[in-house]
Amino acid sequence: MKVLHITYDMRIGGTEMVIKNLIESNTDESIDMSIFCIESPLGPWGEELKKAGISISVKARQPGFDLLLIKAIRKHIKDNHIDIVHCHQYTPWVYGAIATAFTSTKVVFTEHGRFYPDSSSWKRKFVNPILCKLTSVITAISKATKDALVTYEYIPFDSVDVVYNGIEPLRPNQEELPQLKTQLELPQDALVFGTVARLDPIKNQKMLITAFAEVSAILPNAYLLIVGDGELMGELNSLVAQLGIAEKVLFAGYKLDPSNYLAIMDVFLLPSLSEGTSITLLEAMSIGKPCIVTNAGGNPEIVAHLETGLVVTNDNEQELKDAMISISQSNDLYVKLSNNAKPRFDEHFHVTKMFDSYSKIYRRTLES
């Protein structure tokens with residue numbers, strides 16, 4: 001069985017990590033996976049997979065509706081005798097589904113996330129029913145994402161399956177952690193709140209910082225570690241200086257492998273305005289970190305409130321502040337959430353769970 005994954009690119013991003021994990025977890029010799037990227041350059045994860053022997057093709061999408069891209073994908077499908085095209089996100093679905101028209105190749109479409117605020121258009125109301133007819137299986141990475149497909153993409157509710165993202169659990173280097181804390185000038189008794197995300201308005205780090213400013217006034221040993229880079233770096237640094245907490249907020253920048261940074265966090269925070277299934281949230285849970293998240297998108301499906309973490313109302317600074325304080329002042333609550341995080345990850349979000357789900361979908365699709 002030959003499965004071709006069509007994606008935007010294989011640079012750094014949640015969707016790309018999911019595809020990478022899915023391919024690397026493939027232990028079924030009867031499933032041959034390859035990748036077709038419709039953007040360039042390929043990026044570090046793509047290069048890593050190529051070195052591991054994974055076939056990756058790149059055809060950069062041109063502005064507007066690129067008919068030549070459809071032709072290139074169609075030729076690739078025929079030349080390589082592809083059985084299933086797995087399209088990740090909407091634009092790859094458009095090109096992949098049309099490219100398979102009048103061939104024996106089956107189509108699987110996975111929606112990985114939504115814009116904020118969400119919206120639709122008359123074009124999609126016309127086009128999507130056609131794409132659905134060309135598609136065998138549609139999946140979403142959370143129930144919230146599924147609801148968005150129904151509401152904004154006019155896709156029937158019963159036509160969408162939910163398959164949660166899965167990853168390999170992190171394996172931090174425990175011997176390097178004391179050195180990292182020294183490098184970051186964190187005191188031994190530091191209570192480290194942290195987050196890993198691009199610095200972007202949708203991730204709502206501004207609210208996180210303002211909430212933390214109040215928390216640090218109550219908890220003198222509290223620190224905030226922000227891992228990531230992006231358009232808001234200058235603005236967030238200015239906000240930290242304005243609030244007088246520059247010595248308590250650490251900007252670590254982008255890290256290709258944030259494992260050790262996540263490991264030195266006592267509590268992981270995800271204040272996003274919108275999420276599908278956050279990879280960094282899964283990474284934190286995989287090493288037993290209690291998490292505080294907003295009830296945006298798939299977050300409350302991942303974090304079981306008061307069992308593996310705390311779920312607060314979206315964009316509510318007061319609730320976020322209260323949650324940070326409560327998790328810090330109750331050792332029993334902290335231990336409970338920490339002890340429950342990894343078992344929940346293993347049960348629902350381990351990469352083997354995701355691979356098993358998709359491999360069953362592939363086989364069912366070919367048999368239909």
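Start by selecting isoleucine 84, which stands opposite lysine 106 in S5. You are in a predicted model, where local features need pLDDT of at least 70, side-chain atom pairs count only at pLDDT 80 or more, and totals for chains, interfaces and linings use all residues. Residues are numbered from 1 along each chain as its sequence is written, and side-chain values use heavy atoms, leaving out hydrogens and water.

Now show strands S4 (residues 84-88) and S5 (residues 106-111): they run parallel, joined by five bridges. Strands here are DSSP runs (E, at least two residues), as are helices (H or I, at least four), numbered from the N terminus. Two strands pair if DSSP finds at least two bridges between them.

Zoom out to the open sheet of seven strands, ordered S3-S2-S1-S4-S5-S6-S7 with parallel pairing. At its edges, S3 (56-58) and S7 (160-162) each pair on one side only.

Next, select helices H13 (residues 317-329) and H14 (residues 331-348): their axes come within 5 Å and cross at roughly 95°. H13 is therefore roughly perpendicular to H14 (65 to 115 degrees; under 35 is roughly parallel, over 145 roughly antiparallel, the rest oblique). Axes are lines fitted to C-alpha atoms, for helices over the stretch in contact, with angles from 0 to 180 degrees between N-to-C directions.

Finish on histidine 348 in H14. Its relative accessibility is 33%, so histidine 348 counts as partly exposed (between buried, under 20%, and exposed, over 50%, with a 1.4 Å probe and protein chains only). Leaving aside residues up to four places away in sequence, histidine 348 touches Tyr164 and Lys353 (heavy atoms within 4.5 Å).
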